[in-house]
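Thanks for coming. I have one structure to go through today, and I will keep to its ligands and the space around them.

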Amino acid sequence: MCQQPAIPLINHNIVFYGAGSMAEAIVRGMIARNVVESGRIIMLNRSSSERLAELRSRYGVLGYNAPESKLEALRTAPVIVLAMKPKDAAEALRTLGPLLSPDQLVISVIAGLTIRTMQGLLGNPQPVVRSMPNTSSSIGLGATGIAFSKEVGEESRRTALNIFEAVGLTAVIDEERMETLTGISGSGPAYIYYMMEAMIAAGIRGGLPLEQSRELTVQTVLGAARMVQQTGEEPAALRKKVTSPNGSTQAAIEVLERGDFFETVISAVNRCAERSREMGSALEKELH
Ligand SMILES: NC(=O)C1=CN([C@@H]2O[C@H](COP(=O)(O)OP(=O)(O)OC[C@H]3O[C@@H](n4cnc5c(N)ncnc54)[C@H](O)[C@@H]3O)[C@@H](O)[C@H]2O)C=CC1
Ligand SMILES: O=C(O)[C@@H]1CCC=N1
(Lines give C-alpha, C1' and ligand atoms only; values in the text may rest on other atoms or scores of the structure.)
(Ligands and ions follow the chains in the order given, each with its own letter.)
Protein backbone atom coordinates (compact mmCIF):
# COMPACT_ATOMS: atom_id res chain seq x y z
CA MET A 1 0.00 0.00 0.00
CA CYS A 2 0.98 3.61 -0.59
CA GLN A 3 2.29 5.55 2.39
CA GLN A 4 0.39 8.71 3.15
CA PRO A 5 2.65 11.65 4.02
CA ALA A 6 1.42 13.32 7.25
CA ILE A 7 1.99 16.79 5.81
CA PRO A 8 1.37 17.44 2.12
CA LEU A 9 4.74 17.37 0.41
CA ILE A 10 3.81 19.95 -2.19
CA ASN A 11 2.79 23.29 -0.71
CA HIS A 12 2.43 25.45 -3.77
CA ASN A 13 -0.12 25.70 -6.57
CA ILE A 14 0.19 23.47 -9.62
CA VAL A 15 -1.61 24.42 -12.81
CA PHE A 16 -2.52 21.67 -15.27
CA TYR A 17 -2.73 23.33 -18.68
CA GLY A 18 -4.95 20.77 -20.41
CA ALA A 19 -7.30 18.66 -18.32
CA GLY A 20 -7.52 15.34 -20.17
CA SER A 21 -6.70 11.71 -19.29
CA MET A 22 -3.03 12.17 -18.42
CA ALA A 23 -3.59 15.28 -16.29
CA GLU A 24 -6.39 13.49 -14.45
CA ALA A 25 -4.22 10.41 -13.86
CA ILE A 26 -1.51 12.52 -12.18
CA VAL A 27 -4.01 14.57 -10.18
CA ARG A 28 -5.89 11.48 -9.01
CA GLY A 29 -2.64 9.83 -7.97
CA MET A 30 -1.37 12.90 -6.09
CA ILE A 31 -4.64 13.38 -4.23
CA ALA A 32 -4.93 9.69 -3.34
CA ARG A 33 -1.41 9.86 -1.86
CA ASN A 34 -2.27 13.07 -0.03
CA VAL A 35 0.87 14.83 -1.27
CA VAL A 36 -0.96 18.04 -2.14
CA GLU A 37 -4.18 19.69 -1.01
CA SER A 38 -6.78 19.58 -3.75
CA GLY A 39 -7.31 23.36 -3.52
CA ARG A 40 -3.72 23.84 -4.73
CA ILE A 41 -4.47 22.11 -8.04
CA ILE A 42 -5.85 24.28 -10.81
CA MET A 43 -6.98 22.61 -14.00
CA LEU A 44 -7.44 24.55 -17.23
CA ASN A 45 -9.33 23.27 -20.22
CA ARG A 46 -9.93 24.75 -23.61
CA SER A 47 -13.69 24.98 -23.48
CA SER A 48 -15.53 22.14 -21.78
CA SER A 49 -17.08 23.39 -18.55
CA GLU A 50 -18.67 19.93 -18.00
CA ARG A 51 -15.22 18.36 -17.92
CA LEU A 52 -14.02 20.89 -15.34
CA ALA A 53 -17.18 20.41 -13.25
CA GLU A 54 -16.54 16.67 -13.31
CA LEU A 55 -12.94 17.13 -12.13
CA ARG A 56 -14.00 19.61 -9.44
CA SER A 57 -16.59 17.25 -8.03
CA ARG A 58 -14.35 14.17 -8.27
CA TYR A 59 -11.21 15.62 -6.70
CA GLY A 60 -12.08 19.01 -5.18
CA VAL A 61 -9.62 20.76 -7.52
CA LEU A 62 -10.17 24.20 -9.00
CA GLY A 63 -11.02 24.37 -12.69
CA TYR A 64 -11.07 27.35 -15.02
CA ASN A 65 -11.86 27.85 -18.65
CA ALA A 66 -12.69 31.57 -18.70
CA PRO A 67 -9.82 33.28 -20.58
CA GLU A 68 -8.96 35.84 -17.86
CA SER A 69 -8.90 33.30 -15.01
CA LYS A 70 -6.75 31.00 -17.14
CA LEU A 71 -4.22 33.73 -17.89
CA GLU A 72 -4.08 34.76 -14.23
CA ALA A 73 -3.49 31.14 -13.15
CA LEU A 74 -0.70 30.74 -15.71
CA ARG A 75 0.92 34.04 -14.73
CA THR A 76 1.10 33.18 -11.04
CA ALA A 77 1.56 29.41 -10.64
CA PRO A 78 5.06 28.30 -9.57
CA VAL A 79 4.55 25.07 -11.54
CA ILE A 80 2.68 24.59 -14.82
CA VAL A 81 2.15 21.11 -16.22
CA LEU A 82 1.60 21.17 -19.98
CA ALA A 83 -0.85 18.36 -20.68
CA MET A 84 -2.52 19.01 -24.01
CA LYS A 85 -2.22 16.92 -27.19
CA PRO A 86 0.90 17.63 -29.29
CA LYS A 87 -1.20 19.37 -31.97
CA ASP A 88 -2.30 22.00 -29.41
CA ALA A 89 1.11 22.48 -27.80
CA ALA A 90 2.66 25.11 -30.09
CA GLU A 91 -0.17 27.58 -29.69
CA ALA A 92 -0.28 27.00 -25.93
CA LEU A 93 3.49 27.55 -25.55
CA ARG A 94 3.36 30.74 -27.60
CA THR A 95 0.58 32.02 -25.35
CA LEU A 96 2.42 30.97 -22.23
CA GLY A 97 5.88 32.43 -22.98
CA PRO A 98 5.12 36.13 -22.49
CA LEU A 99 3.17 35.44 -19.29
CA LEU A 100 5.97 33.72 -17.42
CA SER A 101 8.59 34.97 -15.00
CA PRO A 102 11.98 33.20 -14.97
CA ASP A 103 11.31 31.31 -11.73
CA GLN A 104 8.19 29.51 -12.96
CA LEU A 105 8.74 25.86 -13.81
CA VAL A 106 7.12 24.34 -16.90
CA ILE A 107 6.75 20.55 -16.90
CA SER A 108 5.63 18.93 -20.14
CA VAL A 109 4.13 15.46 -20.45
CA ILE A 110 3.74 15.87 -24.22
CA ALA A 111 5.09 13.04 -26.38
CA GLY A 112 7.89 14.11 -28.72
CA LEU A 113 8.09 17.74 -27.57
CA THR A 114 11.78 18.47 -26.97
CA ILE A 115 13.27 20.86 -24.44
CA ARG A 116 14.73 22.91 -27.29
CA THR A 117 11.36 23.25 -29.05
CA MET A 118 9.63 24.06 -25.79
CA GLN A 119 12.03 26.88 -24.97
CA GLY A 120 11.96 28.11 -28.56
CA LEU A 121 8.16 28.34 -28.60
CA LEU A 122 8.10 29.95 -25.15
CA GLY A 123 10.55 32.48 -26.55
CA ASN A 124 12.95 32.35 -23.60
CA PRO A 125 15.25 29.90 -21.78
CA GLN A 126 12.61 29.06 -19.17
CA PRO A 127 13.45 26.19 -16.80
CA VAL A 128 11.58 23.27 -18.33
CA VAL A 129 11.15 19.60 -17.56
CA ARG A 130 10.38 17.06 -20.25
CA SER A 131 8.57 14.11 -18.78
CA MET A 132 6.87 10.97 -20.04
CA PRO A 133 4.49 9.51 -17.46
CA ASN A 134 1.84 6.86 -17.98
CA THR A 135 -1.78 6.52 -16.96
CA SER A 136 -1.00 4.05 -14.14
CA SER A 137 -0.01 7.21 -12.21
CA SER A 138 -3.68 7.40 -11.29
CA ILE A 139 -3.24 4.44 -8.89
CA GLY A 140 0.27 5.35 -7.72
CA LEU A 141 1.89 2.79 -10.03
CA GLY A 142 3.06 5.14 -12.77
CA ALA A 143 6.47 4.99 -14.42
CA THR A 144 7.77 8.40 -15.47
CA GLY A 145 10.84 9.37 -17.45
CA ILE A 146 12.21 12.82 -16.63
CA ALA A 147 14.78 15.08 -18.33
CA PHE A 148 15.68 18.57 -17.10
CA SER A 149 16.77 21.64 -19.05
CA LYS A 150 20.05 23.08 -17.78
CA GLU A 151 18.15 26.07 -16.34
CA VAL A 152 16.33 23.89 -13.80
CA GLY A 153 17.81 24.51 -10.33
CA GLU A 154 18.00 22.05 -7.45
CA GLU A 155 14.74 23.16 -5.83
CA SER A 156 12.80 22.90 -9.08
CA ARG A 157 14.29 19.47 -9.78
CA ARG A 158 13.02 18.37 -6.39
CA THR A 159 9.59 19.85 -7.12
CA ALA A 160 9.25 17.91 -10.38
CA LEU A 161 10.51 14.71 -8.76
CA ASN A 162 8.07 15.14 -5.84
CA ILE A 163 5.14 15.28 -8.27
CA PHE A 164 6.07 12.15 -10.17
CA GLU A 165 7.49 10.17 -7.24
CA ALA A 166 4.13 10.71 -5.56
CA VAL A 167 2.44 8.77 -8.35
CA GLY A 168 4.95 6.00 -9.00
CA LEU A 169 8.47 5.23 -10.10
CA THR A 170 10.66 7.89 -11.73
CA ALA A 171 13.67 7.54 -14.01
CA VAL A 172 15.86 10.57 -14.71
CA ILE A 173 17.29 10.00 -18.18
CA ASP A 174 19.14 11.81 -20.96
CA GLU A 175 16.65 13.53 -23.17
CA GLU A 176 17.83 11.50 -26.21
CA ARG A 177 16.43 8.36 -24.58
CA MET A 178 12.95 9.79 -24.04
CA GLU A 179 11.47 8.33 -27.23
CA THR A 180 12.66 4.84 -26.35
CA LEU A 181 11.23 5.27 -22.87
CA THR A 182 7.93 6.36 -24.45
CA GLY A 183 7.94 3.09 -26.40
CA ILE A 184 8.40 1.07 -23.21
CA SER A 185 6.53 2.76 -20.38
CA GLY A 186 4.61 5.73 -21.82
CA SER A 187 2.62 3.69 -24.33
CA GLY A 188 3.41 0.31 -22.75
CA PRO A 189 0.21 -0.02 -20.72
CA ALA A 190 -1.70 -0.14 -24.02
CA TYR A 191 0.31 -3.16 -25.24
CA ILE A 192 -0.42 -5.02 -22.02
CA TYR A 193 -4.13 -4.12 -22.25
CA TYR A 194 -4.13 -5.39 -25.85
CA MET A 195 -2.60 -8.68 -24.72
CA MET A 196 -5.25 -8.85 -21.98
CA GLU A 197 -8.02 -8.19 -24.51
CA ALA A 198 -6.78 -11.16 -26.54
CA MET A 199 -6.50 -13.44 -23.49
CA ILE A 200 -10.03 -12.52 -22.34
CA ALA A 201 -11.39 -13.12 -25.86
CA ALA A 202 -9.65 -16.51 -25.99
CA GLY A 203 -11.21 -17.46 -22.65
CA ILE A 204 -14.67 -16.52 -23.89
CA ARG A 205 -14.17 -18.40 -27.16
CA GLY A 206 -13.14 -21.41 -25.10
CA GLY A 207 -16.40 -21.24 -23.15
CA LEU A 208 -15.47 -19.32 -19.99
CA PRO A 209 -17.94 -16.66 -18.85
CA LEU A 210 -16.70 -13.11 -19.57
CA GLU A 211 -16.31 -12.22 -15.89
CA GLN A 212 -14.25 -15.31 -15.11
CA SER A 213 -12.09 -14.88 -18.17
CA ARG A 214 -11.50 -11.26 -17.18
CA GLU A 215 -10.70 -12.00 -13.53
CA LEU A 216 -8.33 -14.82 -14.42
CA THR A 217 -6.53 -12.66 -16.98
CA VAL A 218 -6.17 -9.71 -14.60
CA GLN A 219 -4.83 -11.90 -11.79
CA THR A 220 -2.42 -13.59 -14.18
CA VAL A 221 -0.94 -10.29 -15.40
CA LEU A 222 -0.82 -8.87 -11.88
CA GLY A 223 0.79 -12.05 -10.52
CA ALA A 224 3.35 -12.21 -13.32
CA ALA A 225 4.41 -8.57 -12.81
CA ARG A 226 4.64 -9.05 -9.03
CA MET A 227 6.67 -12.25 -9.48
CA VAL A 228 9.28 -10.36 -11.50
CA GLN A 229 9.28 -7.54 -8.97
CA GLN A 230 9.32 -9.59 -5.77
CA THR A 231 11.56 -12.51 -6.71
CA GLY A 232 14.07 -10.36 -8.59
CA GLU A 233 14.30 -13.18 -11.13
CA GLU A 234 14.54 -12.44 -14.83
CA PRO A 235 11.34 -12.81 -16.86
CA ALA A 236 13.08 -15.43 -19.02
CA ALA A 237 13.92 -17.54 -15.94
CA LEU A 238 10.37 -17.26 -14.62
CA ARG A 239 9.01 -18.19 -18.05
CA LYS A 240 11.14 -21.32 -18.05
CA LYS A 241 9.62 -22.38 -14.71
CA VAL A 242 6.14 -22.28 -16.28
CA THR A 243 7.27 -24.10 -19.41
CA SER A 244 7.41 -27.87 -18.93
CA PRO A 245 9.30 -29.69 -21.70
CA ASN A 246 6.84 -30.62 -24.39
CA GLY A 247 4.00 -29.33 -22.24
CA SER A 248 1.12 -26.96 -22.89
CA THR A 249 3.08 -23.73 -22.30
CA GLN A 250 5.80 -24.78 -24.70
CA ALA A 251 3.13 -25.43 -27.31
CA ALA A 252 1.69 -21.95 -26.74
CA ILE A 253 5.11 -20.24 -26.85
CA GLU A 254 5.84 -21.99 -30.14
CA VAL A 255 2.72 -20.39 -31.60
CA LEU A 256 3.89 -16.97 -30.35
CA GLU A 257 7.33 -17.63 -31.85
CA ARG A 258 5.76 -18.51 -35.20
CA GLY A 259 4.06 -15.10 -35.01
CA ASP A 260 7.50 -13.59 -34.28
CA PHE A 261 6.13 -12.28 -30.97
CA PHE A 262 9.48 -11.13 -29.50
CA GLU A 263 10.58 -9.17 -32.57
CA THR A 264 7.03 -7.87 -33.14
CA VAL A 265 7.01 -6.32 -29.66
CA ILE A 266 10.44 -4.79 -30.29
CA SER A 267 9.22 -3.40 -33.64
CA ALA A 268 6.16 -1.93 -31.92
CA VAL A 269 8.36 -0.21 -29.31
CA ASN A 270 10.65 1.11 -32.07
CA ARG A 271 7.73 2.37 -34.13
CA CYS A 272 6.31 4.11 -31.06
CA ALA A 273 9.67 5.83 -30.50
CA GLU A 274 9.85 6.79 -34.17
CA ARG A 275 6.30 8.19 -34.09
CA SER A 276 7.22 10.26 -31.00
CA ARG A 277 10.17 11.68 -32.97
CA GLU A 278 7.86 12.47 -35.89
CA MET A 279 5.50 14.33 -33.56
CA GLY A 280 8.51 16.15 -32.10
CA SER A 281 9.71 17.15 -35.59
CA ALA A 282 6.27 18.50 -36.48
CA LEU A 283 6.41 20.66 -33.37
CA GLU A 284 9.98 21.74 -34.12
CA LYS A 285 8.78 23.05 -37.51
CA GLU A 286 6.56 25.49 -35.59
CA LEU A 287 9.77 27.27 -34.57
CA HIS A 288 10.38 28.55 -38.09
N1 LIG B 1 -2.76 9.32 -22.34
C2 LIG B 1 -1.58 8.80 -22.06
O3 LIG B 1 -1.45 7.59 -21.75
C4 LIG B 1 -0.36 9.65 -22.05
C5 LIG B 1 -0.38 10.91 -22.62
N6 LIG B 1 0.76 11.67 -22.64
C7 LIG B 1 0.71 13.00 -23.23
O8 LIG B 1 -0.25 13.76 -22.52
C9 LIG B 1 -0.80 14.73 -23.39
C10 LIG B 1 -2.29 14.74 -23.21
O11 LIG B 1 -2.80 13.47 -23.57
P12 LIG B 1 -4.23 12.99 -23.06
O13 LIG B 1 -4.44 13.44 -21.65
O14 LIG B 1 -4.33 11.57 -23.41
O15 LIG B 1 -5.16 13.88 -24.04
P16 LIG B 1 -6.63 14.39 -23.84
O17 LIG B 1 -7.18 14.71 -25.18
O18 LIG B 1 -7.37 13.46 -22.94
O19 LIG B 1 -6.44 15.77 -23.05
C20 LIG B 1 -5.92 16.94 -23.57
C21 LIG B 1 -6.73 18.10 -23.01
O22 LIG B 1 -6.08 19.32 -23.29
C23 LIG B 1 -7.06 20.31 -23.52
N24 LIG B 1 -6.46 21.43 -24.25
C25 LIG B 1 -5.96 21.46 -25.51
N26 LIG B 1 -5.50 22.69 -25.81
C27 LIG B 1 -5.69 23.45 -24.70
C28 LIG B 1 -5.43 24.80 -24.39
N29 LIG B 1 -4.87 25.64 -25.26
N30 LIG B 1 -5.76 25.25 -23.16
C31 LIG B 1 -6.32 24.43 -22.27
N32 LIG B 1 -6.61 23.14 -22.51
C33 LIG B 1 -6.29 22.65 -23.72
C34 LIG B 1 -8.13 19.57 -24.31
O35 LIG B 1 -9.36 20.25 -24.22
C36 LIG B 1 -8.14 18.21 -23.60
O37 LIG B 1 -9.07 18.19 -22.53
C38 LIG B 1 -0.38 14.37 -24.82
O39 LIG B 1 0.51 15.34 -25.28
C40 LIG B 1 0.29 13.01 -24.69
O41 LIG B 1 1.40 12.91 -25.53
C42 LIG B 1 1.92 11.26 -22.05
C43 LIG B 1 1.99 10.04 -21.46
C44 LIG B 1 0.88 9.10 -21.46
O1 LIG C 1 -0.26 7.79 -27.67
C2 LIG C 1 0.31 8.82 -27.35
O3 LIG C 1 0.74 9.60 -28.23
C4 LIG C 1 0.54 9.12 -25.89
C5 LIG C 1 2.00 9.21 -25.54
C6 LIG C 1 2.30 8.06 -24.64
C7 LIG C 1 1.00 7.46 -24.39
N8 LIG C 1 0.05 8.07 -25.06
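**Two ligands and a pocket**

Ligand 1 sits in the second largest pocket. Before I go on, please keep in mind that this is a predicted model. Two helices each give two or more residues to the shell around ligand 1: H1, residues 21-32, and H4, residues 86-96.

Which of them gives the most to the lining? That is H4, with 5 residues. By residue class, the lining of the second largest pocket divides into 22 nonpolar, 12 polar and 6 charged.

Back to ligand 1. There are 21 residues around it, and Ser21, Met22, Asn45, Met84 and Ala111 come nearest. The shell around ligand 1 consists of 12 nonpolar, 5 polar and 4 charged residues.

What does Asn45 bring to an oxygen atom of ligand 1? An N or O atom of the Asn45 side chain, at 2.9 Å from that oxygen. With Ala111, a backbone N or O atom is 3.0 Å from an oxygen atom of the ligand. With Arg46, again a backbone N or O atom is involved, here 3.2 Å from a nitrogen atom of ligand 1. As for cover, ligand 1 on its own has 830 Å² of accessible area, and the protein covers 81% of that.

That leaves ligand 2. Where is it? The space that ligand 2 takes is the second largest pocket, which is also where ligand 1 sits. Around ligand 2 are Ala111, Met132, Gly186, Ser187 and Met279. On its own, ligand 2 has 250 Å² of accessible area, of which the protein covers 49%. The shell of ligand 2 divides into 3 nonpolar and 2 polar residues, with no charged ones.

Definitions and conventions
Residues numbered from 1 in each chain as written. Chains lettered and ligands numbered in written order. Predicted model: local features only at pLDDT ≥ 70, side-chain atom pairs only at ≥ 80, totals over all residues. Heavy atoms only, no water. Near = heavy atom within 4 Å. Polar contact = N/O pair within 3.5 Å; in protein donor to acceptor, adjacent residues only side chain to side chain. Areas by Shrake-Rupley, 256 points an atom, 1.4 Å probe, with all protein chains shown as cover. 1 Å grid on protein atoms, 1.4 Å probe; cavity = no way out; pocket = protein on both sides within 12 Å on 5 of 7 lines; lining within 4 Å. Sits in = over half its atoms within 2 Å of the grid points. Helix = DSSP H or I, 4+ residues; strand = E, 2+ residues; numbered from the N terminus. Nonpolar A, V, L, I, M, F, W, Y, C, P; charged D, E, K, R; others polar.
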